[in-house]
Amino acid sequence: MPLPLFSPAEDPGPDFKALLRRTGLAVPTTPLPGASTTGPRDPLGSATGQSPSTFMHGTTVVALRFAGGIVMAGDRRATEGYSIAHRAMEKVFPGDRWSAVAIAGVAGPAVEMVRLFQVQLEHYEKVEGLSLSLEGKANQLAQMVREHLPMAMQGLAVVPLFAGYDHRRQTGRIFTYDVTGGHYEETDFQATGSGGRDARTTIKLGYREGLSRDEAIDLAIEALFEAADEDAGTGGPDLVRGIYPLVAVVDADGYVQLEDSDVAARFESLIARKRKERPGGMSSGGELR
Amino acid sequence: MTVPFYVAPEQVMKDRAEYAQKGIARGRSLVATIYRDGVLIVADNPSRSLHKISEIYDRIAFAGVGKYNEYDQLRVAGVRHADTKGYAFSREDVDARSLANLYAQHLGNVFTHEMKPLEVEILVAELAAVPGNDQLYHIAYEGTITDEERFAVLGGEAEPIAERMEQAWRSDWSLGEALRAAVAALAGPDRTLGPSHLEVAFLSRENGRRAFRRLTEAELVTLLEEQPTDGRQDGAGQDAASGGAEAAPGSSGTGSASSSGASGRGTAR
């Protein structure tokens, strides 16, 4: 690899994608030849679970705001049609030190988008000497989703969820996206993926302004539990293998991913509470399998 | 028809070297040294925003002296090289040695082929996973690359500063000790450098994935005022130190060769 030096007129600036294009390393996002014969599918299909695709796709991710930041959580299941492709898939990633990004949609392009996004944020920070604003980061991700639209029209949709801590406003902020790259700021919480609706309802019922960090984490965990209960594409806690949903917190101190043992303990207390609420339910089919 | 005057290639190189040295000597100097947990870089720099020291990648730092726009362009090229390489391959495949070689080739090319040589001296430092393997690559304006074992001094006044560092240097010293010695070496006997005139950054094994961090002015004040501790506590590092000392004379030889070369360069290589 040569030393990438450019004349001032051709300099890509702090834009890593432009740099990739200049150095010939960019991945083309044009539609696949021949794929159009199947016709465009429901672009949200893989994200909402409407049309089971043969591509692997991720499922329920949630984000909610608490007093000092945001909590983001995602289940670990990846499905391929009606079978399970991965049990320990990661869908929640750090964007950089102060932000988190979660993905729903087709796994391959989604993970690649996150990787490019992470490099882009760090690249900007190093070249410019300062970090992008949270709004700037959200915009960057929107551009990536928009560039991905041709693929999304072929059924390979990627729908991220972005949240982070805004140092200027001293608060957590959440952004949602659609396949066209439209992005909208949420006031309190959001969930996407095939189980997003159930997760959102759970959070809606338990949410109030000024939740503490612990309360917010527990609410996110309950939302994932309920989503897994209702949606085939969403995995619940896997007690046998010890695989638990990923939970991340971003506050003024930065991005932290919760320890598995912590998440496991929270699930255990949630399950214990649910059992207590219906003591007679066990023998009559309410058993947790 | 005009016939160009003949100028001996030796003279051309000598003139260019002199030109570059003069440019570099106008700027302030910089010291990088290996300490217990990584690499410390200290620059004499009154500016808060125009940095001499910066992050290239997870474990790689860059420092430059001389003309700001020229070494800053090299810094950005380094960030771009490292980020594209890490993106195309893997994060662990990005190393300082290949980047230092690229810099050396570029500087060498500019020195021999362009009208004006770059008036910069740069340093590429890499933090190793274990102590003892940290690397410092010192690249001069004409592309000479030196692999320093203990410390590197960049800038016009390299020689007296290197001598002061030589006397103060101890293997396995702490961040505070290394910092105070580097600041004293940079300042010399006749002046003192306060925190507002220093730019300090370090690569540390304690810092996680991105090992690079700048010291804030408040941290600098605390570290500079700290009482020097007795050096005897470093007994554990003595074995590694004597091992390093075997190699040290050779390395200090190349180090002084490069700095003496910078002050009175006859040949360009």
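Entry 1. Ground rule. I call a residue buried under 20% relative accessible area, exposed over 50%, and partly exposed in between. R205(B), at 23% relative accessibility, therefore counts as partly exposed. I note that the model is predicted.

Entry 2. The R205(B) salt bridge. I looked up the partner of R205(B) and found D134(B), at 3.0 Å from N to O. The two sit in distant parts of the chain, 71 residues apart. D134(B) is in the loop between β5 (120-126) and β6 (135-139) of chain B. R205(B) is in the loop between β9 (198-204) and β10 (212-214) of chain B. D134(B) counts as buried, at 7% relative accessibility.

Entry 3. Other salt bridges within chain B. I next checked R214(B), which forms a salt bridge with E199(B); their closest N and O atoms are 3.0 Å apart. R214(B) lies in strand β10 of chain B and E199(B) in strand β9 of chain B, so this pair ties together parts 15 residues apart in sequence. E199(B) is buried at 6% relative accessible area, while R214(B) is partly exposed at 28%.

I then turned to D44(B). Its salt bridge goes to R28(B), with the closest N and O atoms 3.6 Å apart. D44(B) belongs to strand β2 (residues 38-44) of chain B, and R28(B) to the loop between α1 (9-26) and β1 (30-35) of chain B, so the pair ties together parts 16 residues apart in sequence. D44(B) is buried, with a relative accessible area of 3%. R28(B) is partly exposed at 38% relative accessibility. Over all chains, I count 41 salt bridges in the structure.

Entry 4. The interface of chains A and B. How many residues of each chain are in contact? I find 23 residues of chain A against 25 residues of chain B. The area buried between the chains is about 2100 Å², and carbon and sulfur atoms give 60% of that. M1(A), L3(A) and K126(A) supply 33% of the area that chain A buries against chain B, more than any other three residues.

The rule finds 5 salt bridges across this interface. I looked at the one between R210(B) and E125(A), whose side chains meet at 3.2 Å, N to O. I also find 12 residue pairs in polar contact across the interface.

Which helix of chain A gives the most to the side that touches chain B? The answer is α3(A), with 9 residues. On that side I sort the residues into 14 nonpolar, 3 polar and 6 charged.

Salt bridges join E122(A), K126(A), D58(B), D83(B), R91(B) and R209(B) into one network.

Entry 5. Strand β9 of chain A. Is this strand mostly covered or mostly open? I find 7 of its 7 residues buried, over residues 171-177. On one face T171(A), R173(A), F175(A) and Y177(A) are buried, and on the other G172(A), I174(A) and T176(A) are buried.

I then traced its neighbours. Strand β8 (residues 158-166) of chain A runs antiparallel to β9(A), with 6 bridges joining the two. A163(A) has I174(A) as its bridge partner in β9(A). The hairpin of β8(A) and β9(A) has 4 residues between the strands, and there Q170(A) takes a positive phi near 55°.

β9(A) also pairs with strand β10 (residues 183-186) of chain A, antiparallel over 4 bridges. The bridge partner of Y177(A) in β10(A) is H183(A). This second hairpin has 5 residues between its strands, and G181(A) in the turn has a positive phi of about 95°.

Technical notes:
Residues numbered from 1 in each chain as written. Chains lettered and ligands numbered in written order. Predicted model: local features only at pLDDT ≥ 70, side-chain atom pairs only at ≥ 80, totals over all residues. Heavy atoms only, no water. Contact = heavy atoms within 4.5 Å. Buried area = accessible area lost by both parts, 1.4 Å probe. Salt bridge = Lys/Arg side-chain N within 4 Å of Asp/Glu carboxyl O. Polar contact = N/O pair within 3.5 Å; in protein donor to acceptor, adjacent residues only side chain to side chain. Nonpolar A, V, L, I, M, F, W, Y, C, P; charged D, E, K, R; others polar. Buried < 20%, exposed > 50% of the residue type's maximum accessible area, 1.4 Å probe, protein only. Pairing = 2+ DSSP bridges.
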